[in-house]
Amino acid sequence: MYVLEKGNILLAISLLLNILLIGTGSYVVHKIGGIEFVKTKMQTTPSPKKDSAYYFTKKSVFEHSAASDVDKVFIGDSITDYGEFQEYFPNEIVLNRGIRNDAANGVLNRIQEVLDRNPKEAYLMIGVNDIRYKTDANDFESRVDKIVDSFEGKETRLFIQSILPVNNGLFGNEVTNEKVKRFNDILRRIADENRIEYIDLHSYFTDKNGELDKKFTVDGLHLNGKGYEVWVEKLRSR
């Protein structure tokens with residue numbers, strides 16, 4: 001009887017400790033932004049080799065699309081990938097050609113598919129992953145130059161959009177806003193040299209410290225719904 005009672009006590013203590021641990025863990029997750037925040041943070045680690053299956057899957061899906069003569073196409077990485085742009089322009093044919101973890105070289109390797117759709121307008125946002133992957137600035141510039149050159153002779157009107165700021169308090173210091181500004185200077189120079197419209201989105205998303213305003217993000221890198229609303233509104237009002 002004593003052994004049984006002792007066993008019951010230990011079981012009760014074990015259950016209580018598990019409940020406390022689960023409760024504490026749930027509270028911490030809730031405080032930092034909920035389970036969606038945890039999922040997003042797990043996705044933000046740059047691993048182009050591990051993510052290559054996603055890249056080539058999306059690239060294949062894009063290439064087998066029958067869409068043609070579209071109105072708008074958005075090209076970029078996960079920040080583009082996560083956007084529901086068709087819903088913001090319901091009266092137009094809009095394609096999303098964002099692939100998470102992509103960089104300028106990845107876009108260059110799949111830009112022909114975009115050209116094949118004969119879009120009226122193409123919106124390029126790329127560069128934050130080049131910063132994360134420590135791409136040399138000269139290599140980045142060369143790859144974006146080649147992307148721009150691929151539109152030469154086409155009827156598509158190309159727009160180069162700035163890289164957005166990051167919130168280092170949420171995302172960490174993997175990407176510095178100083179580096180973002182340097183890469184944006186490259187993008188602006190390419191746009192000016194090729195007489196392409198440069199869309200400065202960066203300044204609309206910064207807080208007083210020059211970082212991505214927390215009201216526009218969950219993880220410090222990607223945009224939330226409010227962020228996409230601001231992005232699209234700036235495109236409409238330019």
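This is a predicted model: local features need pLDDT of at least 70, side-chain atom pairs count only at pLDDT 80 or more; totals for chains, interfaces and linings use all residues.
## Helix α9

Helix α9 spans residues 137–149 and contains 13 residues. From first C-alpha to last, α9 reaches 18 Å, close to the 18 Å expected at 1.5 Å a residue.

Five names make up the buried set of α9: Phe140, Glu141, Val144, Ile147 and Val148. These residues lie on the same side of α9 because they cover an arc of only 120 degrees around the axis. An α-helix has 3.6 residues a turn, so residues three or four places apart point the same way. The cover over the buried residues of α9 includes the helices α6 (104–108), α7 (111–116), α8 (128–132) and α11 (177–193). Strands β3 (121–125) and β4 (157–161) are also included in that cover.

## Helix α3

Helix α3 is formed by residues 52–63, 12 residues in total. Its span from the first C-alpha to the last is 16 Å, close to the 16 Å expected at 1.5 Å a residue.

Tyr55, Lys59 and Phe62 are the buried residues of α3. Their arc around the axis is only 60 degrees, which means that they are on the same side of α3. They pack against strand β2 (94–98) and against helices α6 and α7. On the face of α3 turned away from this buried side are the exposed residues Ala53 and Val61.

## The largest nonpolar core

The largest nonpolar core comprises 54 residues. Within it, the residues with the most contacts are Ile75, Phe151, Phe205, Leu223 and Trp231. Helix α11 gives the most to this core, contributing 6 residues.

For Ile75, the contacts beyond its neighbours within four places in sequence include Phe151, which is likewise listed among the core residues with the most contacts. Ile75 is also in contact with Ala122, Tyr123, Leu124 and Met125, as well as with Val107, Ile111 and Val114. Thr80 and Arg97 complete the list of contacts for Ile75.

## Ser78 in helix α4

Ser78 belongs to helix α4, which covers residues 78–81. Ser78 counts as buried because its relative accessibility is 7%, where the cut-off for burial is under 20%.

Conventions
Residues are numbered from 1 along each chain as its sequence is written. Side-chain values use heavy atoms; hydrogens and water are left out. Helices (H or I, at least four residues) and strands (E, at least two) are DSSP runs, numbered from the N terminus. The expected span of a helix is 1.5 Å times one less than its number of residues. Buried means under 20% relative accessible area, exposed over 50%, partly exposed in between (1.4 Å probe, protein chains only). The arc is that of the directions from the helix axis to the C-beta atoms. Contact means heavy atoms within 4.5 Å. A nonpolar core is a set of buried Ala, Val, Leu, Ile, Met, Phe, Trp, Tyr and Cys residues joined through side-chain atoms within 4.5 Å.
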